[in-house]
Amino acid sequence: MFQLLLVTLMSMIGWVRPTTTPFSHIPGPTTSALPHIPRPCCTHSVFQAVLGEIGGVYVSNASQAIPIDGWNKLFYDYDRKLMALEAHDRSLGRYQTVNIVMDFNTKKQYITDNGRCTIVDIHEEMQHPCVPGSATYLGSSYFGYGEERVEFVSWEFPTRSSDVMVKLTVSSRNCIPITEAMYGTLRGVKTAVSYSFAEFQPSIQDYGVFAIPKHCQNKQTKKTPMARHSIEGIRTFQPN
């Protein structure tokens, strides 16, 4: 699921740049020699969260790496096949906000930027927000101390049809995403980006975030994909 977030957000800076139902509990490696390895898990089918985003991309025709610096409000409803994103970017010395609504029922994505609306086709199915069953277990630990400690599990897995690797940390209880790091090549762009998840809620407070803006209605769909890293990141959090 988190790979999907990363691809759509990159329209904010003009090129594609790499922008988050219970996890399916796909059995992980369980042998008598490795009795303590947990199983890959799934988080809630409906949730909202705030994602901090930091990283960089290298474009072949650029003189230096270009920073990724922003934060995103993510709204995810697998049951209704809807996702919305309020993406805030302050890379390259400017501040920009892009609103994105993805309707997997109609396979349309609505991108609003400075009053302009672009409609783009969606070519994939919406996936459960799950750690892939083939993910590699990296280890378990905890944040904090005593009664305040939060136990977590870390996983690593490749994305579909690319060389991008994902390292994902989720809470041991309820499989709540905590951090995610991605590195590799996305649509020809060398990318490294990290996310931190905050204000996670297993519900959506205002379903108005999924409303299609009036100025987007009856517009022609654009065939050329517009995307940004955070949407691509959301797509990685899904089964293989």
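Trainee: Why are C117 and C216 called a disulfide?

Mentor: Their sulfur atoms lie 1.9 Å apart. A disulfide is a pair of cysteine sulfur atoms within 2.5 Å, so C117 and C216 qualify. This is a predicted model: local features need pLDDT of at least 70, side-chain atom pairs count only at pLDDT 80 or more, and totals for chains, interfaces and linings use all residues. Residues are numbered from 1 along each chain as its sequence is written, and side-chain values use heavy atoms, with hydrogens and water left out.

Trainee: What makes the C117 and C216 disulfide right-handed?

Mentor: The torsion about its S-S bond is about 120°, so the link is right-handed. C117 sits in strand β7, and C216 in the loop between β12 (189-201) and β13 (221-222). The pair therefore ties together parts 99 residues apart in sequence. Helices (H or I, at least four residues) and strands (E, at least two) are DSSP runs, numbered from the N terminus. The protein chain has two helices and 13 strands.

Trainee: How many disulfides does the rule give?

Mentor: Three. C41 and C175 form one of them, with sulfur atoms 1.9 Å apart. A torsion of about 65° makes that disulfide right-handed. C42 is joined to C130, S to S 2.0 Å. That link is right-handed too, with 105° about the S-S bond. In sequence order, the bonded cysteines of the protein chain pair 1-5, 2-4, 3-6.

Trainee: Why is C175 called buried?

Mentor: Its relative accessible area is 2%. Buried means under 20%, exposed over 50%, partly exposed in between (1.4 Å probe, protein chains only). So C175 is buried. C41 is buried at 12%. C42 counts as buried at 5%, and C130 at 0%. Both C117 and C216 are buried as well. Across the protein chain, buried residues make up 51% of the 240 residues.

Trainee: What parts of the chain does the C41 and C175 pair tie together?

Mentor: C41 lies in the loop between α1 (4-9) and β2 (46-58). C175 lies in the loop between β10 (165-171) and β11 (177-186). The pair thus spans 134 residues in sequence.

Trainee: How do you know that K107 and E125 meet in a salt bridge?

Mentor: Their N to O distance is 2.9 Å. A salt bridge is a side-chain nitrogen of Lys or Arg within 4 Å of a carboxyl oxygen of Asp or Glu, so the pair passes. K107 lies in the loop between β5 and β6 (108-113). E125 lies in the loop between β7 (116-121) and β8 (136-143), so the pair ties together parts 18 residues apart in sequence.

Trainee: What makes D69 and R90 a salt bridge?

Mentor: The N to O distance is 3.0 Å, so it is within the 4 Å limit. D69 lies in strand β3 (residues 66-77), and R90 in the loop between β4 (82-89) and β5 (96-103). That pair ties together parts 21 residues apart in sequence. D69 is partly exposed at 21%.

Trainee: How many salt bridges does the structure hold?

Mentor: Six. Among them is E151 with R149, their closest N and O atoms 2.9 Å apart. E151 is partly exposed at 40%, and R149 at 37%.
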